[in-house]
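Please look through the structure below, and then follow this report as it goes from one part of the fold to the next.

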Amino acid sequence: MARGKQRSGRGRAAEPVTAQVAGGVAELEPDPDRPRGRTLLIDRAPQSHVDLDDPTHLEFSYQRRLGHIADLVAPPGKPVQVLHLGGGAFTLARYVGATRPRSVQQVVEIDAPLVEFVRRELPLDPAWRIRVRGGDARAVLARTPDDWADLIIADVFSGARTPAHLTSVEFAGEVRRVLRPGGFYAANLADGPPLAHVKAQIATVRTVFPELCLTADPAVLRGKRFGNAVLLAADRPLPVAELTRRCATDPHQGRVQHGRELDDFTGGAAVVTDADARPSPEPPPSVFH
């Protein structure tokens with residue numbers, strides 16, 4: 001079938017759909033390899049990918065790594081409670097809904113027009129029990145009860161940068177309060193050489209959680225290019241061996257750093273507080289071309 005003749009879930013031709021949202025111009029671009037696959041872009045910066053026919057498909061490498069973490073937080077298929085800080089196209093919430101039926105999930109997204117656009121064009125399955133809450137991620141986190149979540153995923157960007165108030169030790173302390181004992185905290189970090197932001201986030205989260213590891217493309221970890229790194233933290237030993245195996249067998253192989261290797265990578269990075277927090281760095285224009 002020709003691309004122009006492919007149909008979306010709402011009966012329209014598979015052509016780009018755009019909308020003005022709070023964060024800029026949102027666009028859903030058809031995936032030429034998947035009839036009902038769509039990539040969400042905001043001001044031409046890729047944000048999320050969704051396949052309405054297969055919510056377990058995770059196209060972006062960092063989302064695959066977050067999916068591995070969601071798989072490992074509890075035994076396969078067991079329902080969990082998940083708090084997603086940052087909505088995008090709700091890719092990870094769809095994944096958890098499909099792989100862990102009867103899970104309870106809350107998605108926090110500050111951009112109300114974006115939520116309306118995504119829900120209209122990429123509907124959520126009501127059986128997934130996903131509640132979308134509008135508001136600032138940290139403000140909603142502060143109102144979330146103690147020990148509520150088995151998994152907290154932070155994937156919050158204003159434009160292409162993580163807001164400063166979501167990078168501090170005070171923020172990490174709120175995450176720890178909301179996590180149940182044994183729960184996982186996973187954060188999507190975007191950075192480039194010399195990886196000062198990622199290193200500072202490791203030092204910051206380490207003051208709150210005793211167990212950490214970091215996974216990313218080897219070229220990103222070596223400081224060769226700008227990209228995403230996923231930080232995983234918990235109050236219990238992490239499934240490092242299994243996460244390493246899964247990341248190593250991904251289409252775009254990821255590497256996991258843990259223990260002494262992670263200590264050496266972090267060096268003497270300083271802890272970030274609310275008083276000195278800054279947004280994550282602006283990606284170079286070449287990242288989006």
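Predicted model: local features only at pLDDT ≥ 70, side-chain atom pairs only at ≥ 80, totals over all residues.

## Parallel strands around strand 6

Strands of a sheet pair through backbone hydrogen bonds, and they may do so in either the parallel or the antiparallel sense. The parallel kind is found where strand 5 and strand 6 pair over five bridges, with glutamine 81 having valine 104 of strand 6 as its bridge partner. Together with helix 2 (residues 91-99), strand 5 and strand 6 make a right-handed β-α-β unit.

Strand 6 also runs parallel to strand 7 (residues 130-134), to which five bridges join it, and in this pairing glutamine 105 stands opposite isoleucine 130 of strand 7. Between strand 6 and strand 7 the chain passes through helix 3 (residues 112-121), in a β-α-β crossover that is right-handed. Strand 6 (residues 104-109) is mostly covered, since five of its six residues are buried.

## Strand 8 and its two partners

Why can strand 8 be described as largely enclosed by the rest of the structure? Six of the six residues of strand 8 (residues 149-154) are buried, and therefore the strand is largely enclosed.

Strand 5 (residues 81-85) runs parallel to strand 8 and is joined to it by four bridges, and in this pairing leucine 85 has alanine 154 of strand 8 as its bridge partner. Strand 8 pairs with strand 9 (residues 179-191) as well, in the parallel sense and over five bridges, where the partner of isoleucine 152 is tyrosine 185 in strand 9. To pass from strand 8 to strand 9, the chain goes through helix 5 (residues 169-178), and this β-α-β crossover is right-handed.

## The nonpolar cores

Which residues have the most contacts inside the largest nonpolar core? They are Leu83, Leu85, Ile152, Tyr185, Phe209 and Leu214, in a core that has 36 residues. When residues up to four places away in sequence are not counted, leucine 83 touches a list of residues including Gln106, Val108, Leu141, Trp148, Ile152 and Val178. Apart from this core lies another, of 27 residues, among them Ile69, Ala74, Val82 and Leu151.

## The buried side of helix 8

In helix 8 (residues 240-248), the buried residues are Val240, Leu243 and Cys247. These residues cover an arc of only 65° around the axis, which means that they are on the same side of helix 8. What covers the buried residues of helix 8 includes helix 1 (61-72) as well as strand 10 (211-216), strand 11 (227-234) and strand 12 (255-258).

Methods. Residues numbered from 1 in each chain as written. Heavy atoms only, no water. Buried < 20%, exposed > 50% of the residue type's maximum accessible area, 1.4 Å probe, protein only. Helix = DSSP H or I, 4+ residues; strand = E, 2+ residues; numbered from the N terminus. Pairing = 2+ DSSP bridges. Right-handed = clockwise from strand over helix to strand, strands pointing away. Arc of directions from axis to C-beta. Contact = heavy atoms within 4.5 Å. Core = buried A, V, L, I, M, F, W, Y, C linked by side-chain atoms within 4.5 Å.
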